[in-house]
Amino acid sequence: MSYLPNPNRYKNMSYRRCGKSGLMLPAVSLGLWHNFGAIDSLENARTILRLAFDSGITHFDLANNYGPPAGSAEETFGEIFKSDFKNYRDELIISTKAGWGMWEGPYGDWGSKKYLVASLDQSLKRMGLDYVDIFYHHRPDPETPLEETMGALDLIVRQGKALYVGISSYSASETEAAIAILNRLGTPCLIHQPKYSMFDRWIEGGLLDVLGNKGVGCIPFSPLAQGLLTNKYLQGIPAGSRAASHRGNGAIEEDAITEEKIAKVVKLNELALKRGQDLAQMALSWILKDDRITSVLIGVSKPEQVIDSIKCLENISFSADELNAINNILR
Ligand SMILES: NC(=O)c1ccc[n+]([C@@H]2O[C@H](COP(=O)([O-])OP(=O)(O)OC[C@H]3O[C@@H](n4cnc5c(N)ncnc54)[C@H](OP(=O)(O)O)[C@@H]3O)[C@@H](O)[C@H]2O)c1
């Protein structure tokens, strides 16, 4: 059936400025790392994307290697884009990335200009797009000169294949260096995509300060620690969950669901309930409380999770007592 978006889709979402740029991103964005591959249900993917857009989520995040198999999440997205979203291209911010191993030989991995330019061309074909809104270098490359990698991002923007560029998983000092080079080239760094959740707070050790000071946006990935920061694993590992599914490509495995982690999850869950939230909602609100964060980048396996997670926006402020209690649990 042809898709007509919800006419009220912009009413309940908030949009936050991405650093010092002109671009606004929804406070909650949707990533297609898992559950959108060729091994997954196309109809479930379609239902999730429609529901997200109907809820005001204007930003979908991809990468060349999402699937499995690698490339297939972009193909799934391309198919659904063509049938459902083609007429709404100007209401969407679509990102992709290159930086992890994608094809054989010396030109399908890391950060050379050869790899980045070729990979984006492939991504555009898979998605059926003329351009992406944001193109990221997916991880730092210790061997390629940063000038070359940033030069490739600048070239891609000048070629009209991306409107903005970003970096992912760069340390605070690597980020400062990348920002300086991109500024010199005249293609400012729009955004950084780091891993960040209550269980992984590395960006509080300098990166967030760099981004805040330089006016670069921040969109944390795996904000629910891939599902650990929800009530999903409280009674063991349910069938169909990401940890039970052995999807590979960095997906959480059963051995990450330790007793120590679950003991913390139980306490966090109690605190969330006192705030009138479920744990997934509190974990997302906790990230959004900092105004240096532009958007929180969620993943979902089911449409209901979009509806549930987005309710985090109903309460993103924390009292000092709540923050102390969370810090004590996480210690
Ligand atoms: N730049 C990078 O290097 C990088 C790396 C990883 C991810 N990312 C990006 O970040 C996005 C999000 O990462 P992620 O998928 O790991 O995020 P996440 O939000 O931490 O985890 C998503 C998983 O949590 C569970 N979940 C989500 N909402 C829930 C809810 N309301 N209640 C209960 N369970 C819920 C689902 O698990 P089940 O599947 O078990 O139901 C879902 O698949 C990716 O899609 C990708 O775009 C980027």
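Leu-30 has Phe-60 of β4 as its bridge partner, in a predicted model for which local features require pLDDT of at least 70 and side-chain atom pairs count only at pLDDT 80 or more, whereas totals for chains, interfaces and linings use all residues. Residues are numbered from 1 along each chain as its sequence is written. Strands β3 (residues 28–31) and β4 (residues 59–61) run parallel and are joined by 2 bridges, strands being DSSP runs of E with at least two residues and helices runs of H or I with at least four, numbered from the N terminus. Both strands belong to an open sheet of 8 strands with parallel pairing, in the order β9-β8-β7-β6-β5-β4-β3-β10, where pairing requires at least two DSSP bridges between two strands. Because β9 and β10 stand at the edges, each with a single partner strand, one side of each is left without a neighbour in the sheet.

In helix α6 (residues 207–214), the buried residues (20 or more other C-beta atoms within 10 Å of their own, C-beta atoms being placed from the backbone) are Leu-207, Leu-208, Val-210 and Leu-211. These residues lie on the same side of α6, because they cover an arc of only 160 degrees around the axis, the arc being taken over the directions from the helix axis to the C-beta atoms. The buried residues of α6 pack against α5 (172–185), β8 (189–193) and β9 (217–218), with contact defined by C-beta atoms, placed from the backbone, within 7 Å. Gly-215, which follows α6, has a positive phi near 75 degrees.

Terms used. A residue is buried if 20 or more other C-beta atoms lie within 10 Å of its own, exposed if 12 or fewer, and partly exposed in between; C-beta atoms are placed from the backbone. Two residues are in contact if their C-beta atoms, placed from the backbone, lie within 7 Å.
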